[in-house]
Amino acid sequence: MTPIAPLIEAFLRETLARQRGVSRHTQDSYALSFQLLFEFAATRLKVSPSALTLKQIDARLVSAFLEHLEDVRKNAAVTRNVRLAAIKSFFRFLEYRQPAALEQIRRVLAIPFKKTDQRLVPYLLREELQAVLDAPDPKTWDGIRDRAMLHLAVCAGLRVSELTGLKVDDIDLSSMSIRILGKGRRERALPLWKTTARALRAWLAVRGKPAVPEVFVNARGEPLSRWGFAYLLKQHAATAAREQPGLAKKRVSPHVLRHTCAMIVLQATQDIRKVSLWLGHATLTTTEVYTRGDPTEKLDAMEAIVPPHLRRGVFQPTDKLIALLKRAS
């Protein structure tokens, strides 16, 4: 009976963190997936989570856990697939370390992902975006910080982890550019809009000299967390909704700002490759989602198409007496 605890610890600490070098956000996501799985298994099997064994985490239990996510926790299929991806990654790690459990491992790996709806990416209209950017008060310390954060998030299309992890040494205001270490350890350099560079200069002038290298810090001089930025964005979106009521119906998240940047670059360049480079995507396939959300490309195509002719005709209503007889017959 092989206990599961040392295996999952080795997977999280050695394989993910050291060998694969995944981001902290990915590690947290995987850890939460296993926490939910082991809590479900412990309740179902009536044992403590630390007493669980590898043999108990079989395909039947994993399938029941996935159903539990959707039926009880009301998670969407996307979230269900994220949890399954973490579980499959762990079981692929076990393939070469637990050969005796190979059949069990292959059954878990055979569990299919669920198809999901491919919705259009949410983004802000230009007037809505300007209202959000104008929401922070530039007469206060935190207002200057928030203004710089929002402008940078939109200008560079940064992931929230890239924004909160940005260091002072990564900014070169003389060339108006920043250096980003993004997802998959891919580094990219991005230019800054003049307004963004001015906002950053204003923030760095009042930031002070905290002991941490991160650009954006809270009032205690500690790095601002991803949750802290999401909270501040929510507050500023609520303020902006007074000027743009349409914002009240939208969920304005940090990733929506990234989507907004992508749409701005796509509409300005009409080149999906430049959008991909700007956002730091590994492949163009990931970026193609923005072409479905941009109506300008469809309008250009409509103008180039010669539509088929419409057959002319005028509607002639049926005589009431004949219509009555037809219904009666």
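Guide: Two strands count as paired when DSSP finds at least two bridges between them. Helices (H or I, at least four residues) and strands (E, at least two) are DSSP runs, numbered from the N terminus. The model is predicted: local features need pLDDT of at least 70, side-chain atom pairs count only at pLDDT 80 or more, and totals for chains, interfaces and linings use all residues. Residues are numbered from 1 along each chain as its sequence is written, while side-chain values use heavy atoms, with hydrogens and water left out.

Visitor: In what order do the 3 strands form the open sheet?

Guide: β1 (residues 171-172) and β2 (residues 177-181) pair in the antiparallel sense over 2 bridges. β2 and β3 (residues 187-191) are also antiparallel, over 5 bridges. The open sheet of 3 strands therefore runs in the order β1-β2-β3.

Visitor: Which are the edge strands?

Guide: An edge strand here pairs on one side only. That applies to β1 and β3.

Visitor: Which residue in β3 is the bridge partner of Ile178?

Guide: β2 and β3 are antiparallel partners. Leu181 stands opposite Glu187 in β3. For Ile178, the bridge partner in β3 is Leu190.

Visitor: What is the angle between the planes of Phe11 and Phe34?

Guide: The two rings form an aromatic pair, 6.0 Å centre to centre. The geometry is edge-to-face, with an angle between the planes of 85°.

Visitor: How many residues apart are Phe11 and Phe34?

Guide: Phe11 sits in helix α1 (residues 5-20). Phe34 sits in helix α2 (residues 24-45). The pair links distant parts of the chain, and the separation in residues is 23.

Visitor: Are Phe11 and Phe34 buried or exposed?

Guide: Buried means under 20% relative accessible area, exposed over 50%, and partly exposed in between (1.4 Å probe, protein chains only). Under that rule, Phe11 and Phe34 are both buried.

Visitor: What is the distance, centre to centre, between Phe90 and Phe91?

Guide: Phe90 and Phe91 are both buried. They form an edge-to-face aromatic pair with 80° between the planes. Centre to centre, the distance is 5.6 Å.

Visitor: How far apart are the C-alpha atoms of Phe93 and Phe11?

Guide: Ring pairs link a cluster that includes Phe11, Phe34, Phe90, Phe91 and Phe93. Phe93 lies in helix α4 (residues 77-94), and is buried at a relative accessible area of 7%. Phe93 and Phe11 are 82 residues apart along the chain. Their C-alpha separation is 7.2 Å.

Visitor: How many of the 18 residues of α4 are buried?

Guide: The expected span of a helix is 1.5 Å times one less than its number of residues. α4 reaches 26 Å from its first C-alpha to its last, close to the 26 Å expected. The rest of the structure largely encloses α4, because the buried residues number 13.

Visitor: Which residue just after α7 takes a positive phi?

Guide: Helix α7 (residues 141-156) reaches 23 Å, close to the 22 Å expected. It is mostly covered, with 13 of its 16 residues buried. Just after α7, a positive phi of about 60° is taken by Gly157.

Visitor: Which cysteine has the closest sulfur to that of Cys261?

Guide: A disulfide is a pair of cysteine sulfur atoms within 2.5 Å, and the structure holds 0 of them. Cys155 is buried at a relative accessible area of 0%, and Cys261 at 1%. The closest sulfur to that of Cys261 is 6.9 Å away, too far for a bond, and belongs to Cys155.

Visitor: Over which ring does the charged end of Arg226 sit?

Guide: The rule needs NZ of Lys or CZ of Arg within 6 Å of the ring centre and within 35 degrees of the ring normal. The charged end of Arg226 is 5.3 Å from the centre of the ring of Trp227.

Visitor: How far apart are the C-alpha centres of domain 1 and domain 2?

Guide: Domain bounds come from an automatic or database domain assignment. That assignment gives domain 1 (4-110) and domain 2 (126-286). Their C-alpha centres are separated by 34 Å.

How values were computed:
Rings of Phe, Tyr and Trp (its six-membered ring) pair if their centres lie within 6.5 Å; planes under 30 degrees apart count as stacked, over 60 as edge-to-face and the rest as tilted.
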